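Please look through the model below before reading on.

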Amino acid sequence: MSDLILKDRYSTQIDNSQYISRDLSWLKFNHRVLDQAKKEGRPLLDRLKFLAITASNADEFFMIRMGSLYNYLDYGKERVDLSGLKAIPFKRRLLSEFKIFTKEQTDYFVEHLLPELPKNGIKITQVESLQKKEQERVRNYFQKVVHPMLTPMVFDSFHTFPILVNNVLIFGVVTRSREEHEEKRKMSFIQIPTNLPRFYEIERNDTFYFVPIEDIVRTYIDSFFKNVEIISETLFRVTRNGDFTLEESEDLEANFIDELKSKLKTRKTGRVVRIEVEDKYDKWLIKQLKLRWELDEENVITVHKPGLMDYTGLWQIVKHSEFSHLCTPIPAPVQPVSISQDADENIFKILKRRDIMLHHPYNSFEPLMNLLEKAAEDPHVLSIKLTIYRLAKNSRIIEALLNAAENGKHVSVLFEVKARFDEENNMREAKRLQKAGCFVIYGVGLLKTHTKLMLIVRKEGEKVTRYVHLASGNYNEATARLYTDVGILSTNEVYASDVSEFFNAITGHSYPEKYENLITAPREMRNSLIELILNEAKNATSGLPSGIVIKINSLQDIDVINALYQASQAGVQIKLTVRGICCLRPGRAGLSENITVGSIVGEYLEHSRIFYFHNNGEPKVYAGSADIMVRSFDRRLESLFLINDPFLKKQAINILKFNQKDNYNKYVMQEDGSYEAVQPGENEPIFNIHKEFYRVTRDMIENASLF
């Protein structure tokens with residue numbers, strides 16, 4: 001059967017499925033990120049930034065998603081994708097689609113972005129194009145800095161095959177002794193350490209010249225191979241399996257921290273799932289690598305010159321201090337609407353009177369930091385408890401907790417040391433807290449702690465007041481300037497009791513029967529959401545008003561998707577905003593014609609999760625840490641909190657309303673799984689939520705409605 005017939009058959013199978021493949025949906029998402037690099041009205045370095053993001057996204061995709069697929073393939077386990085394809089044809093489809101993406105990525109860089117750089121005083125160039133004095137500087141840099149750091153590693157009958165590091169640039173060099181024949185050729189490898197800058201910088205007049213490190217190494221590569229003939233040198237990069245889901249059920253009695261350390265070492269030597277290689281590569285070399293790593297030609301991704309291998313290297317230019325004027329400035333945050341009347345007042349006093357909603361990055365992270373840092377110093381504060389998933393570098397959160405411990409307060413931290421790619425930093429910070437006398441819990445069993453909750457207990461006269469923070473985003477003051485998230489600060493006793501019960505359950509041996517305002521996972525979240533969805537279906541069937549509006553990062557859980565289908569068929573209007581992967585197929589007759597799906601991709605990363613249920617005119621609105629994912633419901637500690645305060649509920653509704661109105665960052669998902677960018681209609685003004693949220697007023701919030 002020809003490849004074309006197979007492709008047509010598989011395409012038909014994919015199109016006929018009621019669900020969209022999670023991984024194919026992710027590829028569509030990365031296309032939307034790449035689309036941001038193509039927006040010509042955007043500053044040049046912002047466009048380079050989005051190109052770099054597509055590359056880091058792809059690295060994570062291959063390490064985790066492709067790695068997970070190879071766990072099934074390598075261990076002989078059957079896997080059927082949501083699209084209906086089995087593992088091998090699905091792998092082929094995925095890699096074929098990714099090759100198309102890589103070509104589009106490189107073509108756009110070469111044809112559109114590269115020519116714009118010199119107009120802005122930036123030039124990516126080669127050693128041979130530099131002036132003689134500059135070439136001498138580069139040669140000196142190579143001899144004194146680069147050469148001592150590089151180690152050529154030969155593979156032959158006397159030397160074992162070297163460990164090639166994940167996601168670094170590597171030269172594969174084919175050589176032979178001058179007196180030997182071609183069949184005696186050998187291959188050697190030179191890995192370029194990641195602690196070397198990607199580019200060597202030279203300033204000349206008003207232009208900065210950036211020389212790629214791989215071009216410098218290639219120029220002087222013969223210094224490593226004396227008295228032998230270099231047949232070829234090929235630049236390549238390998239990506240290894242970084243998914244450990246098959247290992248996470250190991251012996252619970254094992255020392256958890258040591259287990260994690262061993263897994264981090266394994267990540268460096270996991271099975272190879274991708275080879276990126278420059279064009280005109282040495283075919284013999286790549287053939288040997290494919291045989292050694294049991295890869296097919298489809299796993300080899302060619303990067304054509306003058307494109308770059310690994311566009312994450314562009315961060316060096318994007319973050320360069322000389323080019324800050326070529327980036328979009330981050331606006332100053334505005335005061336939260338719910339706090340503006342008493343902004344200068346003590347945060348403890350404000351929270352005694354009203355709840356506050358923080359909407360980042362439009363609102364500063366400072367009210368939260370102010371509360372935590374004051375609590376660390378306040379002699380009346382008795383204890384602080386919170387959950388940590390990802391931290392900023394030099395985290396103020398950690399410093400505040402250390403300060404609180406020094407001041408004699410009880411500090412309990414549920415620290416997620418399995419937060420992907422942040423494991424080492426989290427373990428280091430957790431140990432600092434432990435040494436300072438904090439009570440640190442390294443996760444709960446095999447569950448990841450993804451919930452975002454904080455509890456501060458303060459003695460005020462004869463009674464105790466509990467201050468809580470419930471949020472969708474991490475306790476990370478750096479990402480709070482780039483990710484959109486919501487959080488509530490409150491002294492509401494119902495919230496406080498729920499959060500206290502939650503911490504008691506995870507730090508002790510307690511099983512709360514019911515939370516008043518929290519929906520938690522892994523225990524009840526899936527069923528609770530399905531119940532809320534089906535209640536809307538029941539209302540619609542009974543002729544009562546109904547409606548569902550949800551904003552999340554990812555939608556993948558089949559049980560919830562089926563409930564949404566059922567509600568759609570009952571006549572419920574369902575409006576979804578799903579930033580990334582979406583496995584629900586919208587707009588299909590008889591299945592989901594009442595469901596629309598939008599995706600907001602733009603200057604800020606949309607991270608908040610908000611759930612609205614019409615409830616016959618008495619809306620229930622939840623926010624929190626969880627997406628509609630199997631992992632969120634079954635393998636993580638998550639929480640969604642009911643928004644009780646009428647004004648804050650309106651504020652959340654207004655956020656959802658603005659997401660529906662956006663015509664600048666928004667894409668609409670089609671029935672076939674593709675996406676179309678929303679364009680303003682004729683005479684319709686641009687509505688860009690990443691600007692409009694800085695202009696929100698109390699009147700806008702009071703008048704917000706969705707149906």
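**Notes on the model**

1. Fourteen is not the whole story of the largest cavity: among the 14 residues lining it, Ala55, Gln105, Glu276, Asp310 and Tyr311 lie nearest its centre. A cavity here is a set of points on a 1 Å grid over the protein atoms alone where a 1.4 Å probe fits but cannot get out, and lining residues have an atom within 4 Å of a point. The space in the largest cavity is about 110 Å³.

2. This is a predicted model, in which local features need pLDDT of at least 70 and side-chain atom pairs pLDDT 80 or more, while totals for chains, interfaces and linings use all residues. Residues are numbered from 1 along each chain as its sequence is written, and side-chain values use heavy atoms, without hydrogens or water.

3. The second largest cavity has a volume of about 90 Å³. Closest to its centre, of 14 lining residues, are His360, Phe365, Gly473, Asn474 and Asp485. Strand 17 gives the most to this lining, with 4 residues.

4. Ser500 is found in helix 14 (residues 493-507). Ser500 is buried, at a relative accessible area of 12%; buried means under 20% (1.4 Å probe, protein chains only). Beyond neighbours within four places in sequence, Ser500 is in contact (heavy atoms within 4.5 Å) with Leu455 and Arg466.

5. Helix 15 (residues 525-541) and helix 16 (residues 558-569) pack at about 5 degrees, with axes 9 Å apart. Helix 15 is therefore roughly parallel to helix 16, a term for angles under 35 degrees.

Key
Axes fitted to C-alpha atoms, helices over the stretch in contact; angles between N-to-C directions. Helix = DSSP H or I, 4+ residues; strand = E, 2+ residues; numbered from the N terminus. Parallel < 35°, antiparallel > 145°, perpendicular 65-115°, else oblique. Buried < 20%, exposed > 50% of the residue type's maximum accessible area, 1.4 Å probe, protein only. 1 Å grid on protein atoms, 1.4 Å probe; cavity = no way out; pocket = protein on both sides within 12 Å on 5 of 7 lines; lining within 4 Å. Points joined across faces, edges and corners; volume = space filled by probe spheres on them.
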